[in-house]
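Reader: I'm new to this structure. Could you walk me through how to read it?

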Amino acid sequence: MKILIIDDEKMLADGIADLLREEKYDVDSAHTGLDGLMLAEQNIYDAIILDIMLPEMDGFSIVQSLRRQAIKTPILLLTAKDSVTDRVKGLDAGADDYLIKPFAGPELLARIRVLLRGKGDLAEVEIGYGPIKLNDHDAYLNGEKLNLTIKEFRLLEFFILNKEQILLRDQIFNRIWGFSSEAGVNVVDVYVHHLRKKLVPFQMDHWIVTVRGIGFMLKGEVNVPQN
């Protein structure tokens, strides 16, 4: 799971990032409204932690901009004021929840878990010739464990969550490796090749389709249960 933090208080943002990384989340951070909006528009996140008071562009405007673009990423607003007006304004703009500063780490984590509830539950996902079950960093196909690296696991998860959709190489790279990674975007092709090889024994490697010059797509009868 990947989370974006947008907060101009760098010490607070770094503290939240450390807390989330301890819980095995991937984290990106931005310290101005415009930088945060750019990251949210260009990358796919599972949740956004967004401060209201930001330089260049406030949190309310960011929420409104993302929702106008049909970006439905769950958003947790952070506010320094216990103001009913601010809370209502944020929720009306399209935010999913709010948290008043100062807050305890366990409370923040609990709010994030609620926002993410159901997004990563792939226990009943079925693909191709039988069910694939993803549990933490393990994947099973027809009850047999797939020997995947963490990156291969996350790549397979990303394909399943975006079934029958063309994923750009840059989009995959930013999601799996992060925009600040020193690796080149060609690493995506390398890991797709590795993942296909792991699926060969199950005659499923052809489900990962190369869209020439663009990226890749998982194309097949994949049923992700609706919650």
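Predicted model: local features only at pLDDT ≥ 70, side-chain atom pairs only at ≥ 80, totals over all residues.

Reader: Fine. How many helices and strands are there in the protein?

Author: The secondary structure comes to 8 helices and 12 strands. The protein has 227 residues, and 46% of them are buried.

Reader: In which order do the strands of the open sheet come?

Author: First the general idea: strands of a sheet pair through backbone hydrogen bonds, and the pairing is either parallel or antiparallel. Here, 5 strands make an open sheet, in the order S2-S1-S3-S4-S5, and the pairing is parallel. At the edges you find strand S2 (26–30) and S5, each pairing on one side only. From one strand to the next, the twist averages 20°.

Reader: How many bridges join S1 to S2?

Author: There are 5 bridges between these parallel strands. If you want one to look for, take Ile5, whose bridge partner in S2 is Ser29.

Reader: On to the helices. Which residues of H5 are buried?

Author: Look for the residues with under 20% relative accessible area. In H5 these buried residues are Leu108, Leu109, Ile112, Leu115 and Leu116. Seen down the helix axis, the buried residues of H5 fall within an arc of 120°, so they line one face of the helix.

Reader: What do those buried residues of H5 pack against?

Author: They pack against several elements, among them helix H1 (10–22) and strand S1 (2–6). Strand S3 (47–51), strand S4 (75–79) and strand S5 (97–100) are packing partners of H5 too. The helix lies across S1, S3, S4 and S5, and runs at about 175° to S5.

Reader: And how far does H5 reach from its first C-alpha to its last?

Author: Helix H5, residues 105–116, reaches 17 Å, which is close to the 16 Å expected at 1.5 Å a residue.

Reader: Let me try H2. Which of its residues are buried?

Author: Helix H2 covers residues 33–42, and its buried residues are Gly33, Gly36, Leu37, Leu39 and Ala40. They cover an arc of only 165° around the axis, so they sit on the same side of H2. Those residues pack against S1, S2, S3 and helix H3 (59–68).

Technical notes: Residues numbered from 1 in each chain as written. Heavy atoms only, no water. Helix = DSSP H or I, 4+ residues; strand = E, 2+ residues; numbered from the N terminus. Expected span 1.5 Å × (residues − 1). Buried < 20%, exposed > 50% of the residue type's maximum accessible area, 1.4 Å probe, protein only. Arc of directions from axis to C-beta. Contact = heavy atoms within 4.5 Å. Pairing = 2+ DSSP bridges. Axes fitted to C-alpha atoms, helices over the stretch in contact; angles between N-to-C directions.
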